Amino acid sequence: MTTDTDSGIGSTARIPGSKSLTNRVLLLAAAANGVSRLRAPLVSDDTLAFRTALAELGVRMDGGPLEEYWDVTGTGRGPTGRARVWCADAGTAARFLPPFAATGHGSFLFDGSEQLRARPQAPLSDALLGLGTRVEPGPGGGLPLLVRADGLDGGEITVDSRMSSQYLSGLLMAAPLMRRGLRVRIRRLVSRPYADMTLALMRRFGARVTEDGDGGFTVEPGGYTATDVTVEPDASTASYFFAAATVTGRTVTVPGLGADSTQGDLRFVDVLARAGAQVRVGPDATTVTGCGPLRGGFDVDMGDISDTFMTLAAVAPLADAPITIRGIGHARLKESDRIAAVAANLRSCGVATREGPDEITIHPGPLRPARITCFRDHRIAMAFSVLGLAAPGVVTLDDPRCVTKTFPGFHTELRRLFPSHELPLTATESTEEHR
């Protein structure tokens, strides 16, 4: 990645706010004492599910038009009373909100869709039990999860973060509301940049948190102070537009996503640079330009930016040599088994693909038309849409509407930026997106 004050020229992508930032700020604002304004929040299925879940816990939210700002009135403590909390498909709601509820007083039942029920939750349930919370988890430690809350003393705990960093983030954000704070030891942390994002936002809301010499964290008690936050564009979503620029020889700039971003997924542009793109990261924008055929012949560990590995994998057949992506085993536990889903769809396109427990290798070669199975996973749909731009007539999505989880206007924006390229939607599907 090169750093430059020039944001470049070309098409400007309109990328909505970060889901990860939006949902973290919503929770921190709910836990703070006072009214916080969240500007430019992401408005999508996941963030609206998170907002609704907080409302079910008694948090008041007001504001102007949904896409401009939300005002969150926090009380400086956990929720009270009784509530049934529907998390829909939102993993962040299922993993961030139970620790918050445990710091309050009452009975709170968390549940979600069949897809969310299938995702692992046991490390969080185990951690809450270790802190003295009375919890009744569902099968395998997952949803539905009943939390019988009477406040939390805190103390010291070990968190298994091998499958997701969200368990750690949820416990850390609840820690300032615990009577004695929290000392967290970690058993193998994946996706470290997301934990760093959590810590940075906690400090912005006034939390006192330090990283210990052994890689653990100590959070002091004392609560949060209301804070106004503007959400920057989603770096994971931006990856599709940066990749599209790379494989079509175009230039795409994302304003508001610069060198000081707290989102680790911006590092995806480093991978595109290895693949031959020209990358400029300025203080206020990032620009990617495609500079010829995609270069392959490299291995890359994308464990810390695993939400973007599918973006690279979907366009890897266009490279001049194989590409191997490693360190992504935990991506098998997301909305779908993302390694298996990518491999199966690439094979349907005639691409030679080899997968291992935590890696995938994609070989270049001719493509054949295929109907992509999205598995209700927004990132599968978005990633293969980029391949469809570069290889017209090859890709059709079986469920283009699943992108509403994080970016309802994804296909419209892709069409606006790349009007001369064919999108992988049938006329019927394209129309249905706007209903």
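Colleague: Which elements each supply at least two residues of the lining of the largest pocket?
Modeller: Those are α7 and β13 (229-230), with helices (H or I) being DSSP runs of at least four residues and strands (E) of at least two. The largest share, 3 residues, comes from α7. It's a predicted model, so local features need pLDDT of at least 70 and side-chain atom pairs 80 or more, while totals for chains, interfaces and linings use all residues. Numbering starts from 1 along each chain, and side-chain values use heavy atoms, leaving out hydrogens and water.

Colleague: What counts as a pocket or a cavity?
Modeller: On a 1 Å grid, a 1.4 Å probe fits in a cavity but cannot get out; a pocket is open, with protein on both sides within 12 Å along at least five of seven lines, and lining residues have an atom within 4 Å of a point.

Colleague: What's the volume of the largest pocket, and what lines it?
Modeller: About 220 Å³, meaning the space filled by probe spheres. Its lining includes Leu 21, Arg 204, Glu 232 and Asp 260. By type, the lining splits into 5 nonpolar, 3 polar and 3 charged.

Colleague: And how many cavities of 30 Å³ or more are there?
Modeller: The structure has 2. The largest cavity holds about 300 Å³ of space. Of its 30 lining residues, Ser 20, Gln 166, Tyr 194, Asp 307 and Lys 334 are nearest the centre.

Colleague: Which element gives the most to that lining?
Modeller: α1, with 3 residues. Elements giving two or more are α1 (19-31), α3 (91-102), α7 and α12 (378-390). The lining of the largest cavity has 5 nonpolar, 13 polar and 12 charged residues.

Colleague: What about the second largest cavity, what's its volume?
Modeller: About 50 Å³. Arg 95, Arg 119, His 330 and Lys 334 are among the residues lining the second largest cavity, and that lining divides into 4 nonpolar, 2 polar and 3 charged.

Colleague: New topic. At what angle do α6 and α7 pack?
Modeller: About 10°, for α6 (residues 166-174) and α7 (residues 192-204), with axes 9 Å apart. Angles run from 0 to 180 degrees between N-to-C directions. The pair is therefore roughly parallel (under 35 degrees).

Colleague: Which residues meet there?
Modeller: From α6, Leu 168, Ser 169, Leu 172 and Met 173; from α7, Tyr 194, Ala 195, Thr 198, Leu 199 and Met 202. Contact means heavy atoms within 4.5 Å. This contact has 7 nonpolar residues, 2 polar and no charged.

Technical notes
Angles under 35 degrees count as roughly parallel, over 145 as roughly antiparallel, 65 to 115 as roughly perpendicular and the rest as oblique. Ala, Val, Leu, Ile, Met, Phe, Trp, Tyr, Cys and Pro count as nonpolar, Asp, Glu, Lys and Arg as charged, and the others, Gly among them, as polar.
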